[in-house]
Amino acid sequence: MMEWFQELASFPKTYWIITGISTLIFLFVLITTFIGADADDIGDVDMEVDADTGASFQFFTFKNVVAFFAIFGWSGIACIDAGYSRSTTIIVSLICGLAMMFVMAAMFYYISKLTSSGTLKMQNALNSIGEVYLTVGANRSRIGKVQVKVQGALRELEALTDYKEDLKQGNVIKVIEVTNNGILIIEPQK
């Protein structure tokens with residue numbers, strides 16, 4: 001193996017060195033990403049953020065640069081083996097490496113868009129139609145519970161009504177207001 005490497009000219013030898021090192025790092029990054037030991041992970045932080053924190057399109061990241069050099073090296077070795085000139089090999093390697101960086105950046109960008117916070121925003125319950133689960137007292141006399149679909153999931157939430165009669169289990173209701181402390185104000189659906 002060492003004899004083969006020693007006999008190579010400096011141009012292919014450079015490509016093999018770049019390819020070997022970057023492929024090993026790429027495999028390490030790939031494995032650690034799949035097992036959850038991502039280098040971007042800073043530990044557990046318990047906080048609530050009410051903002052759009054979606055990742056922007058990041059072209060120059062450690063993962064993308066490693067992928068660039070891995071594909072740069074392998075495409076260069078393929079060009080050398082095919083007998084292309086040095087300038088053609090370098091141009092093809094650069095194009096392939098940049099294409100890989102773009103693909104990786106786009107992939108991580110779109111994957112980051114798939115995440116959702118799961119935080120229930122009570123205002124999203126406005127105008128929802130649901131059903132009384134536990135009797136809601138007339139004129140806000142007693143808190144009851146209703147089942148309402150909010151943010152794509154059926155939720156059991158506390159509710160009050162300004163209606164003059166108790167709303168009993170099974171009554172169909174509409175959410176008309178949400179109080180500051182998150183209690184739904186409902187009325188019977190007609």
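Me: Is F34 buried or exposed?
Reply: F34 counts as exposed, because its relative accessibility is 68% (exposed is over 50% relative accessible area, buried under 20%, partly exposed in between, with a 1.4 Å probe and protein chains only). This is a predicted model, where local features need pLDDT of at least 70 and side-chain atom pairs pLDDT 80 or more, while totals for chains, interfaces and linings use all residues. Numbering runs from 1 along each chain as its sequence is written, and side-chain values use heavy atoms, without hydrogens or water.

Me: Which helix does F34 lie in?
Reply: F34 belongs to helix α2, residues 10-35 (a DSSP run of H or I, at least four residues; strands are E, at least two; both are numbered from the N terminus).

Me: And S22, buried or exposed?
Reply: S22 is also in α2, and it is buried, at a relative accessible area of 6%.

Me: What lies around its side chain? For S22, I mean.
Reply: A polar atom of the S22 side chain is 2.7 Å from the backbone oxygen of I18. For the backbone nitrogen of A70, the distance to a polar atom of that S22 side chain is 3.3 Å.

Me: Switching to the strands: in what order do they close into a barrel?
Reply: Five strands do it, running β1-β2-β3-β5-β4, with mixed pairing (a pair needs at least two DSSP bridges).

Me: In which sense do β3 and β5 pair?
Reply: They are parallel, over three bridges; β3 covers residues 153-161 and β5 residues 184-188.

Me: Which residue stands opposite L160?
Reply: That would be I185, in β5.

Technical notes
A polar contact is a pair of N or O atoms within 3.5 Å; within protein, one must be able to donate a hydrogen and the other to accept it, and residues adjacent in sequence count only if both atoms are side-chain atoms.
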